[in-house]
Structures are given as C-alpha cells and as structure tokens.
Amino acid sequence: MESIVNGLNDIIWSDALVYLCLGAGLFFTIATRFLQVRHLKNMVLLMFQGKSSTAGVSSFQALSMALSGRVGTGNIAGVATAIFYGGPGAVFWMWVIAFLGASSGFVEAALGQVYKTKLDGQYRGGPAYYIEKGLKLKWYAVLFAIVTVIATGLFLPGVQANSISSAMDNAFGLSPLVTGIALILILGTIIFGGVKRIANVAQIVVPFMALGYILVALLLIILNISELPNVLKLIFSSAFGSDAAFGGIIGAAIAWGVKRGIYSNEAGQGTAPHAAAAAEVSHPAKQGLVQAFSVYIDTLFVCTATAFMILITGMYNVQPEGGQAIVNNLGNVEAGPVFTQAAVESSLPGFGAPFVAIALFFFAFTTIMAYYYMAETNLAYINRKAKRAWLEYLLKFGILAIVLYGCIKNADLAWTLGDIGVGSMAWLNIIAILLLSKPALRVLKDYERQKKEGKDPVFDPVKARIADADFWEHEYQSESSEKSRRKTSSS
C-alpha cells in the first residue's frame, strides 16, 4: 500500500509541478504588473470592507475561512519537514513561492467570484464552476470536483488530525483515540451548522490563533536576538548553495521549499476560490486582493515565525531523502511539531510542548473545517441537479470518520496522501487559471480603471467583456436595482 502511494506521489510531485507552480506565479506577477506590491495597501483596507448577507459572508469572514484552510499543520509540521529534507534554505524558497503565489491567489479568487452562482440561497463557486463556465469543459470541471471531494474529504483531514493527536500525546500524554473522539464531537457540532457557523467560528479563532503564535515567536527571537544575523545568513547561503554544509542539497531546498510552501499557503491549489466565492462584494477584484494578502499572512508571517523559532534555537535536524544526516541536533526524532515544541521549550521551559500542541490544535482544526466546506461545495456542484441529500450526510459522517482514523494512523502515510491530494488539485487548477488568464486580467483592469476614476468599483461583466458571468450579469444587477429602488422609496 505504502509503496503504491509513494510511487503515485513521486509522479504527481515531480519537478514538473514545482516548475509549473513557480512559472505560473512568475507569469501572473509579470502579467498583473506586480499587483502584490502595487495593491498592498488596498489588500489591507479591503479586508475590513463589505458586510455579510443572507446568501454570502463578509470579506473578512471569507478571508478567515480561506486562512483557516491555509494556516494549518503545514505552518508548524510542514515547515519543520521542509527544513529536515531541504535544509534552512528551504525557508527562502517558501518566501519566493509566497510572493509569486500571491498573484496566483488573486487570479483564482477573482475567477471564483466572477463565475460564482447562487445555489439553495447561498453563494457557491470555485474551480469547478469557473472551469465549466470559463473554459466550457464540463468533464474537466467534474474531474476537478471529484478530485477535490476525495482530497479535502478523505486525504487532507487525516494529516491535520494526525498532527493534532501527535502533539497532544507529546504534550499532555493524551491517547490518540481520546483526542480523536473529542475532535469529531466538536467538528460535528460546527459542520452540521452550515457555512455561516463555519464562517463565524473562523473569524473569531483564526485571527486570535495567528496573532498569539506570532507574538510567541517574536518573544523567542528577542530572547535569542544575538543569533538572528546568523540565521538570516544561513537561510540565504543555504538557498543558493553557497553554504559549505548545505551546498550539495540546493535542489532539495528548492523542491521542499516550494512543495511545503504550496501545501501551506495553497496559492494556485484551488482551495481559496471556494471561500472567496462566498463573499458578498461589489467587484471580484476586491476579494481577489484580499485572498492575495492571505498568502502573505500564511507564509511570510506564520510560516516564518515557525522557521525562525526552529533555526534561532538550533532545534532541528537536516537529512536529505536517501542521504546521511547533515545536522543532528535533536537525535532520532521524526520531523514535525516536535521541532517547534523543542524550540519553544529550549527558551521557555515547561511552556513549549503545551503551547505548540494548543496552537496546532487551533491551526489544524480550523483547516479541517475549511476542508469540509471545500468538499461540500464541490459535492454540491456534482449533486446540483439530482440534489441527493444523503450524499451530504455521507460526506459529513465520512470526514468525521477520517478525522478519527487520522488520529491513530501512520504519520508518513498521512502526509503522503495529503501531498497527493494537494498535488492533484494544483495540477488541475493551475492549468485552468493559466487558460483563464485573459478574463482574470480584464477583471483587474476594470477594477483599476474604476479606482482611477475615483469610484468604488462595481463589476459589470458586459463592460469588462467577460461572458457567462451569469450571477453578475443577471442576479447581481437585479439585486442592485432593487436595493436602489428601496433606498429611493425610503428617502
């Protein structure tokens, strides 16, 4: 079983996918004229604009939902794994893929908004929707939806659950079974409450957990401030192969930095457009810019916090795949949360293991919530005509079973299955957004034109020369007219 899974993972995560992710990010960065720099101020301001409605959530709630998917075990265990297999230089390549990926994140989120629809009174959208409407490839859309249901419903939740149970066992001695039962009870309460409950939980938990984690990282950096210049030097020298110890693994640094960077920030993977499409905004570019900033939050803030804690305290090992150990500071331990726990523990004795376990619980748990929402959205796409209610319940109980199983299964197998899920979605989605680059760039151009005219941009697909944006062309226009009519009548 493991041999087959590993072989499939090697095919999906060949160098071709690494170069595709980097190439797509570079292409969109140039095509959008470095929007991730030019619109940085707008990204921050737009996060707090817009209100929720009966059909959609606010921009901040959509950001929180997307971040709940981005900020997960990849930010703690994933960073440790990247350093273990690729050395400190992998951190630099995680930064690169985040910077380039912010442009990919804008494109996929904007497309999610452009081609969204209203289904059973709620906004639904994502790659399956924009592949069908934008590319006119129904089979491709169905394929993505099926792959996403399998990836986010079966493969990826196990990784998050496994990391939670491992951290809880290490910190508090809790049995994986006890952790698993507690997880499914809490998760069940939330996912049976629908998208609104998921959004409400996410908007409270996500900012709190991310800020608290970064503050502890800053404290560790301050306590070890004399080592900071050496850490920065080590990251950059290792990234370009000029460090004596890590010069021979520059390829591994790039590969693992990109792989774990994508796993963490999910730029181009096709996950964020689901949450982006649920937002109530007046122009698709608005939510596209908000989601672009979420890539920065995930990697440049949270992942960097983990990397600095590990490297500045020296609590890490480096051993390339199939090679000898280059650094062995922690002895024979598995790469994962234990690196971060050891790092915090070294400076704050008695605090490290419990803190990381609790942080990982919040990070990974909210990610499982986001995975359920993505799986549900794609199941709704597949099931929109027949509307078989039992399929939705099967998904709910299925993901609960996977979470319980993930708490007690082998960690290596969990990560490999997670990589297969992420990689499969990334292949399908990146190709799709490259083919749909023209409408995405038109959205940005339309937004910038209206901003230049001093307007609060409102999207009109006809003026932007974008076809098949059915919701915006018909429903949004009629809703806007109705709101204007009511406003005029009341005044």
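The largest pocket has a volume of about 810 Å³. A pocket here is an open set of points on a 1 Å grid over the protein atoms alone, with protein on both sides within 12 Å along at least five of seven lines, and lining residues have an atom within 4 Å of a point. Volume is the space filled by probe spheres set on the points, which are joined across faces, edges and corners. Of the 35 lining residues, Thr-81, Tyr-85, Trp-256, Arg-260 and Glu-321 are the closest to the centre.

This is a predicted model: local features need pLDDT of at least 70, side-chain atom pairs count only at pLDDT 80 or more, and totals for chains, interfaces and linings use all residues. Residues are numbered from 1 along each chain as its sequence is written, and side-chain values use heavy atoms, with hydrogens and water left out.

A cavity is a set of points where a 1.4 Å probe fits but cannot get out. The search finds 3 cavities of 30 Å³ or more in the whole structure, and the largest cavity holds about 70 Å³. Its lining includes Cys-21, Gly-101 and Ile-433.

Last, the surface. Ile-408 is exposed, with a relative accessible area of 52%, where exposed means over 50%, buried under 20% and partly exposed in between, with a 1.4 Å probe and protein chains only.
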